[in-house]
Every structure is written in C-alpha cells, then in structure tokens.
Amino acid sequence: MAGTVYRVKQGDTIVRIADDHHFRSWEAIWEHEKNAGLRTRRPNPHVLAPDDELFIPDKDVRQFACSTDRRHTFRLRSMLQFIDVKLHDEEGRPLAGRAYELAYDGKRLRNATDAEGAIRERVPMDVTSVEATVWLTDGDPEQKMTWTLQLGHLDPIDTVPGAKKRLANLGYEHGPFDDELDDATVRGLHEFQRDHDLPVTGKLDDATKAKLQSEHDHHAEVPG
C-alpha cells in the first residue's frame, strides 16, 4: 500500500496537514487503518504531539462519466479552520456579550462573545497565530485584555508541556513549556488540585490529568 509517513511538528494540526497534502477532508487521513494506533494514543485528532507519526495515504482518484455536450458543475469541499475559545472570569462565570477583536495578517475582525462567553470564528488556513483583545467593560477602552492564540500548539494531556499549557490557560502558575516538572508547575498543580478537591500531591497523576483535560479542553481553541 503506497503512502508516506509524516512526523508531526509543533504547531501542526490535522486540518493543516490535510490541507498541505491537498486533501479535502482530514478524516480521509485520520481514519485510515494505518493510523489506528495513533487514534488510540490520541483520542482527539486536533491535539497531536511533536514527533507523532501520521500515515498519509495516496489520494483516491475519482472518475465521473459526463456527456461532452453539456455544462457540468463540480463542487469541491474546502478545508476550514476555526477558533473556538470560551472566556470566564475568576469566579468561573462566562464573559458573555463582551466586545472582542481578532488580529492576524494585517486584518482585524470584531464581534462579541456569545451567552457562553465564547469566541467562535473561522480564520484562513494559513493563519497560525492570532492576537485576541477582549474589552471587559462596555464603553471603557482601557478595560481590556490582550493575548496571543497559537493555533495547533496545545500538546496532549499525557505530556508535561500539555499539562503546563492547560494550567496556563486556566490561570494557574506554571513553568516554561518544556518537559520538566519544575517548582512553579508543582505549585500550580497544588493550587489546581486544592481547587478541585483532589489529593494535593503536585504530581501529574491520572486523576489530575483527567480533571485538567475536562476543565480545559471544552474551553480550548479547536480547529475543525
């Protein structure tokens, strides 16, 4: 069976990989039988780790029988990439109806968060970084927060960088996004465990990883 093996890099997403290989659907890659092992390790196809190996099959060639004396229209499915982020205050309440601006590639997109405090926007496939600004108080231009969204940079929960990034996004202390479980990250884990009634060990045990994932991932940026 022909095809190639692609080694995932930091910042890759299954959507962007499929688009780069000229597929019209990322599922055609992800659901291939040779990716069964990767699917077991990575239940969420949108959260891959650097050095994961993804099999890229050859594309199927489809043939259509058409009469030559008529005009025919073929519609091709386009790959889409979305930002989907939910914003909450320190008490866990959604920041609903707040004006926001997304800036990327010299463009600015303005809208307001929905009732769940969510920002949901489609962005071009080649966008990998977006500057997001949210105004916390209507009519006060100074009451705002700005941060950078790195699309495709969330690592799986079973990696130390994946845990650190989730702690960071949830507002807890953390160290550099490397493989070291440093003192700052341990302090962040202690606080997270206390807040969620878990044994305060400072360790990335299974219960802590599961809670980090459940608290974070349904609020996180998900390309689609």
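Select E101 to begin: at 6% relative accessibility, E101 counts as buried, where buried means under 20% relative accessible area, exposed over 50% and partly exposed in between, using a 1.4 Å probe and protein chains only. This is a predicted model, in which local features need pLDDT of at least 70 and side-chain atom pairs count only at pLDDT 80 or more, while totals for chains, interfaces and linings use all residues. Residues are numbered from 1 along each chain as its sequence is written, and side-chain values use heavy atoms, with hydrogens and water left out.

**Stop 1**

A salt bridge here is a side-chain nitrogen of Lys or Arg within 4 Å of a carboxyl oxygen of Asp or Glu. Is R108 buried or exposed? R108 is exposed, because its relative accessibility is 56%. E101, at 6%, is buried.

**Stop 2: a network of salt bridges**

Now select D84, K86, D114, E116 and R120, which are linked in a network of salt bridges. Zoom in on R120. Its salt bridge with D114 has the closest N and O atoms 2.5 Å apart, and R120 also meets the side chain of E116 in a salt bridge of 3.1 Å, N to O. R120 counts as partly exposed, at 39% relative accessibility. D114 is partly exposed too, with a relative accessible area of 27%, and E116 is partly exposed at 41%. How many salt bridges does a search of the whole structure find? The search finds 18.

**Stop 3: the whole chain**

Zoom out and colour by secondary structure. The protein has six helices and eight strands; helices (H or I, at least four residues) and strands (E, at least two) are DSSP runs, numbered from the N terminus. Along the principal axes, the C-alpha atoms fill a box of roughly 70 × 45 × 25 Å. Of the 224 residues, 40% count as buried.

Next, show the surface. The protein exposes about 13,400 Å², and carbon and sulfur atoms supply 47% of it; accessible areas come from the Shrake-Rupley method with a 1.4 Å probe, and for residues only the protein chains shown count as cover.

**Stop 4: the largest nonpolar core**

Hide the surface and select I14, I17, W26, I29, W30, L54 and I56. These residues have the most contacts inside the largest nonpolar core, which has 16 residues. A nonpolar core is a set of buried Ala, Val, Leu, Ile, Met, Phe, Trp, Tyr and Cys residues joined through side-chain atoms within 4.5 Å. The elements that give two or more residues to this core are α1 (14–20), α2 (27–30) and β2 (53–57). Which element gives the most? It is α1, with four residues.

Centre the view on L54. Leaving aside neighbours within four places in sequence, L54 is in contact with T4, V5, Y6, I14, I17, I29, W30, N35 and L38; contact means heavy atoms within 4.5 Å.

A second, separate core has 15 residues, including V85, V123, V130 and V134.

**Stop 5: W147**

Select W147, in strand β8 (residues 144–150). Apart from neighbours within four places in sequence, W147 is in contact with L87, V130, E131, A132 and V134. W147 is partly exposed, with a relative accessible area of 26%. Draw a distance from W147 to G171: these residues are 24 apart along the chain, and their C-alpha atoms are separated by 13 Å.

**Stop 6: R42**

Move to R42, in the loop between α3 (36–41) and β2. Is R42 buried or exposed? R42 is buried, because its relative accessible area is 9%. Not counting residues up to four places away in sequence, R42 touches W30, V47, L48, A49, D52, P156 and D158.

**Stop 7: K165**

Finish at K165, in helix α4 (residues 160–169). K165 counts as buried, at 11% relative accessibility. To see what is around K165, select Q10, H153, L154, D155 and F177, which K165 touches when residues up to four places away in sequence are not counted.
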